[in-house]
Amino acid sequence: MNNILTIGWNMVKRTIGTRRGMLMYILLPSIVVAGIISITGGVAEGSDTTLLYTNRDTGAGGKHLLAELEKTGDYKLVESSDEEKMKESVIGQKGVAGLLIPADYTTELLNGTQPQLTVYELKASEDSVLIKMKAAAIAGEMLVTAGTVKGAAGAGEPEAQFTAILQQAEQHNVGSIRTDYNLYPRQTLGIITGLTLMFLMNLVTSTVNLIMDDRRGRTMMRMYSAPVRAYEIALGNFLGSFLVGIIQIAVVLSLGKWVLRYDYEIPMYLYFLVLAAFMLVSMGIAGTVAGLIRNPRNAGMLNALILTPTCMLGGCFWPLTIMPEYMQKAANFTPQKWAIQAVDIAATGGGWNELWLPFAVLGLMAAILLAFGSATLRPNEAGISA
């Protein structure tokens with residue numbers, strides 16, 4: 001056991017004990033993931049989306065449209081006095097979009113035509129598209145109501161009857177039971193998780209290079225003759241790199257949670273366990289590759305042949321659902337797929353009755369790869385170029 005701890009601690013010092021190591025394996029991943037959080041979704045749960053609006057309509061249609069949008073609870077409505085000021089506010093990113101209601105909005109509804117709403121947006125986003133869809137849906141309902149009022153028999157002004165019906169509708173005396181409670185993971189969470197997994201996989205390259213250096217310099221051969229068993233050398237290298245990965249995970253999660261105030265929508269301990277389980281598999285991959293490679297020059301092909309393809313196939317850069325079916329089946333053999341699946345299950349409120357499968361697969365992968373790496377390490381052999 002002392003041999004394993006000594007080799008592991010030496011691996012930690014060699015990996016992050018220098019300025020370059022600290023920068024490459026601790027600071028750089030933290031900075032990149034923090035940047036992604038800031039750009040793609042550093043928004044705390046329950047925050048409102050600001051919607052700017054200018055209402056030129058004096059009738060009931062424009063007021064009802066704004067009332068219904070506010071009633072959804074998804075938007076914080078901020079009025080702009082005119083169209084130009086609203087455009088400037090959208091350009092200044094004071095709101096996700098700007099909504100312009102034309103002056104003849106109610107009149108066109110009563111005439112049986114669908115009025116044209118203008119939505120200003122700095123860039124197309126999910127929120128702006130949803131605003132357009134909800135506004136169109138509300139306008140369609142009002143158009144049906146206006147047609148009913150116009151075709152109804154009886155005395156009275158159609159506009160007055162239309163206004164009375166809309167005011168009654170705003171009371172929402174007839175409700176509905178909500179069945180969608182947003183039990184799906186935030187899209188940006190998948191991006192952040194994928195990038196974090198990618199940086200953790202970079203430690204595989206570092207571990208393989210260090211083992212290759214030990215093999216080339218015959219350091220591993222001298223350890224083996226100490227005597228230190230082959231499995232102790234493999235476990236020591238495994239343990240050292242795993243500790244570096246744990247430090248990296250802790251720094252990245254702490255920065256996102258308590259500095260940037262990002263809501264991961266998943267318990268931090270559970271997110272940490274998922275990343276730690278993935279780190280076990282990554283170190284198993286490192287041990288296997290280091291055991292198979294004898295020529296240090298071949299270590300440069302690691303990124304092209306293993307790391308990047310598995311990240312792409314495992315869903316680190318895009319959802320698995322957009323890939324062909326045969327690629328989705330092949331993704332089952334990548335640890336990234338199971339780590340991201342575990343995060344998605346936890347983010348949707350799943351318990352251990354569902355999480356056991358991805359954790360079991362990751363644990364089985366780590367055990368098989370570590371055993372195979374220990375068997376193929378052969379510390380008594382030097383590298384080809386030694």
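Helix H8 (187-216), helix H10 (230-259), helix H11 (268-292) and helix H15 (352-376) each contribute at least two residues to the lining of the largest cavity. Helices here are DSSP runs of H or I with at least four residues, numbered from the N terminus. The model is predicted: local features need pLDDT of at least 70 and side-chain atom pairs pLDDT 80 or more, whereas totals for chains, interfaces and linings use all residues. Residues are numbered from 1 along each chain as its sequence is written, and side-chain values use heavy atoms, without hydrogens and water.

The largest cavity has a volume of about 80 Å³. A cavity is a set of points, on a 1 Å grid over the protein atoms alone, where a 1.4 Å probe fits but cannot get out; its lining residues have an atom within 4 Å of a point. Eleven residues line the largest cavity, with Ile211, Ala234, Phe238, Met283 and Gly287 nearest its centre. Its lining comprises seven nonpolar, four polar and no charged residues, with Gly counted as polar.

Helix H3 (residues 60-71) has twelve residues and reaches 16 Å from its first C-alpha to its last, close to the 16 Å expected at 1.5 Å a residue, that span being 1.5 Å times one less than the number of residues. Its buried residues include His64 and Glu68. Just after H3, glycine 73 adopts a positive phi of about 80 degrees.

Threonine 310 belongs to helix H12 (residues 302-313). Threonine 310 counts as buried because its relative accessibility is 18%, and buried means under 20% relative accessible area (1.4 Å probe, protein chains only). A polar atom of its side chain lies 2.9 Å from the backbone oxygen of leucine 307.

Note on methods: Buried < 20%, exposed > 50% of the residue type's maximum accessible area, 1.4 Å probe, protein only. Polar contact = N/O pair within 3.5 Å; in protein donor to acceptor, adjacent residues only side chain to side chain. 1 Å grid on protein atoms, 1.4 Å probe; cavity = no way out; pocket = protein on both sides within 12 Å on 5 of 7 lines; lining within 4 Å. Points joined across faces, edges and corners; volume = space filled by probe spheres on them.
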